[in-house]
Protein chains: 2
Amino acid sequence: MKQKIQVHVADDHKILIEGIIAVIDTDKEIEVEGYSLTGKEVIDWAKEKTADILILDINMPQYDGIEVLKYFKLKKIDMKTIILSSYDDVKLVQEMITLGASGFLSKDSAGEHIINAIKAVHADEQYFSDAIKSNLLKLYTGQKVESGERPESTIANSLTDREVEVLKLIAQEHSSPEIADILNISQSTVDTYRKSLLKKTNVKNAVGLAMYAVKNKII
Amino acid sequence: MKQKIQVHVADDHKILIEGIIAVIDTDKEIEVEGYSLTGKEVIDWAKEKTADILILDINMPQYDGIEVLKYFKLKKIDMKTIILSSYDDVKLVQEMITLGASGFLSKDSAGEHIINAIKAVHADEQYFSDAIKSNLLKLYTGQKVESGERPESTIANSLTDREVEVLKLIAQEHSSPEIADILNISQSTVDTYRKSLLKKTNVKNAVGLAMYAVKNKII
DNA sequence: AAGTATCTCCCCATTTTTGGGGAGGCGAAA
DNA sequence: TTTCGCCTCCCCAAAAATGGGGAGATACTT
């Protein structure tokens, strides 16, 4: 008898994991190896174990999906990954592809799609949800989307630790003087971080920063 | 044989619904009557059918959970409701209780909690996730939380149409001059709305407004 | 040793936001 | 009819955010 496809599921919502397991259980060729509730758990898991397919949520506490993929790339861990996301964000997909993801599944999509996605990716194909595909089409009409190894990530020149700290506090409604007080640095420094955050995230004001923080599960 | 508890599930993520159904199916006393993917579907469903328990997500397209509860109150529909939420937000809970919800379940909680919540609520008890309970305790030390019929909602003196319009644009990173331009009103007027928004939502700046908009699915 | 990144701080000026007040017009409800 | 909510606009002033520049200290890498 053929070996079943081993799947590991990572999402911070246990209910959702149980749903995925329930759906996968209906298929004879696929098997859930285990699950993780945070990015840290995924990384710890990957140190000792592996799976044929990793289903990875982007928004997780303690290292999000992006960080996990970056870690995999760094450690040369080569695991086929299907991204699970609430946002049909093309930019995110781009980044995911450059980070080695093979599939992109919207949380809105029904269960059968998971099965199809897993089988497609396991057969070395790529799988994208319909919403993503139409979004991509709009963007790259005529151009093909390569899964190539672009050296630079298009989005997010990765924020520094301190920048993330400031970003969190901004998203928690703190003003610059307050942040300066909390972090025990001068207001000027806080403002410097504000500027670099605006540049790096490519948004136009503090509201944009807060939204960025929400989307990237930084808060 | 005793009649099973009929449950209707409303959430915009089909995977999550399937998860809940899978969990509920393991219990012999409960049965899923059906599900809805948007607030509109819930309202349409409630026009003709009913259930013992409604499991209701807050964040849904086309009328969110809050709107659904408001509709129920307006139409004097009395259905026991368990709120499903990603946020352990005490303020939200308060509003939910005043709108008649009987339970509050965090999406982080595992499946068994759903079963317990359904049975508790069906037995005319209230059910709150642990995170909510500890948050409430912090706020109301010593005070008891009534499920009474307070005439006025404590939070959100319900925003006017125009305020919501301005709020949306703020959350979309627009500045006051821009908003004035978009809505074809003077900057002064926009600033007046900013002030009343800050008062009504009880946040301290534009970032807070954006967060409020996100939480209440106004954008 | 030279470069690079990060953290830190400052100067400048302009724009935007916040916070207080008042006030007219309009339509619906009491 | 009068009151009330909503939309609209204004004055004023202080606080905060934005945008440009420069620059020193430290630590890590090549």
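A nonpolar core is here a set of buried Ala, Val, Leu, Ile, Met, Phe, Trp, Tyr and Cys residues joined through side-chain atoms within 4.5 Å; buried denotes under 20% relative accessible area, exposed over 50%, and partly exposed the range in between (1.4 Å probe, protein chains only). The model is predicted, and local features need pLDDT of at least 70, side-chain atom pairs count only at pLDDT 80 or more, and totals for chains, interfaces and linings use all residues. Residues are numbered from 1 along each chain as its sequence is written, chains are lettered from A and ligands numbered from 1 in the order in which they are written, and side-chain values use heavy atoms, with hydrogens and water left out.

Contact is defined by heavy atoms within 4.5 Å. Apart from residues up to four places away in sequence, Ile118(B) touches Ile5(B), Val7(B), Ile24(B), Ile30(B), Ile53(B), Ile55(B) and Ile82(B). In soluble globular proteins, nonpolar side chains tend to be buried together.

In chain A, the secondary structure consists of 10 helices and six strands, assigned as DSSP runs (helices H or I, at least four residues; strands E, at least two) and numbered from the N terminus. Of its 219 residues, 50% are buried. Among the contacts in chain A with a separation of 6 or more, 64% involve residues 24 or more positions apart. Strand β3 of chain A (residues 53-57) contains Asp57(A), which counts as buried because its relative accessibility is 1%. Beyond its neighbours within four places in sequence, Asp57(A) is in contact with Ala10(A), Asp11(A), Asp12(A), Gly65(A), Leu84(A) and Lys107(A). Thr201(A), in helix α9 of chain A (residues 187-201), is likewise buried, at a relative accessible area of 9%. Its contacts, with neighbours within four places in sequence left aside, are Leu159(A), Leu209(A) and Tyr212(A).

Chain B and chain A bury about 2600 Å² between them, 63% of it on carbon and sulfur atoms; buried area is the accessible area (1.4 Å probe) that two parts lose on being put together, summed over both. Chain B contributes 35 residues to the contact and chain A 33 residues. Six residue pairs across the two chains are in polar contact, both at pLDDT 80 or more. A polar contact is a pair of N or O atoms within 3.5 Å; within protein, one must be able to donate a hydrogen and the other to accept it, and residues adjacent in sequence count only if both atoms are side-chain atoms. On the side of chain B that touches chain A, α1 (14-25), α5 (111-122), α7 (161-171) and α10 (206-215) of chain B each supply at least two residues. The largest share of that side, eight residues, comes from α1(B).

Within α7(B), the buried residues are Glu163(B), Val166(B), Leu167(B), Leu169(B), Ile170(B) and Ala171(B). Their covering includes α10 (206-215) of chain A, along with α8 (176-183), α9 (187-201) and α10 of chain B.

Over all chains, 13 salt bridges are found, the criterion being a side-chain nitrogen of Lys or Arg within 4 Å of a carboxyl oxygen of Asp or Glu. Two of them cross the interface of chain B and chain A. Glu178(B) and Lys204(A) meet in a salt bridge at 2.4 Å, N to O, and this pair runs from helix α8 of chain B to the loop between α9 and α10 of chain A. Glu178(B) is partly exposed at 29% relative accessibility, as is Lys204(A) at 44%.

Within chain B, Asp27(B) and Lys119(B) form a salt bridge at 2.9 Å, N to O. Asp27(B) lies in the loop between α1 and β2 (30-36) and Lys119(B) in helix α5 of chain B, so the pair ties together parts 92 residues apart in sequence. Asp27(B) is buried at 12% relative accessibility, whereas Lys119(B) is partly exposed at 28%. Lys119(B) also forms a salt bridge with Glu29(B), with the closest N and O atoms 3.8 Å apart. Glu29(B) is partly exposed, with a relative accessible area of 38%. In chain A, Asp27(A), Glu29(A) and Lys119(A) are linked in a network of salt bridges.
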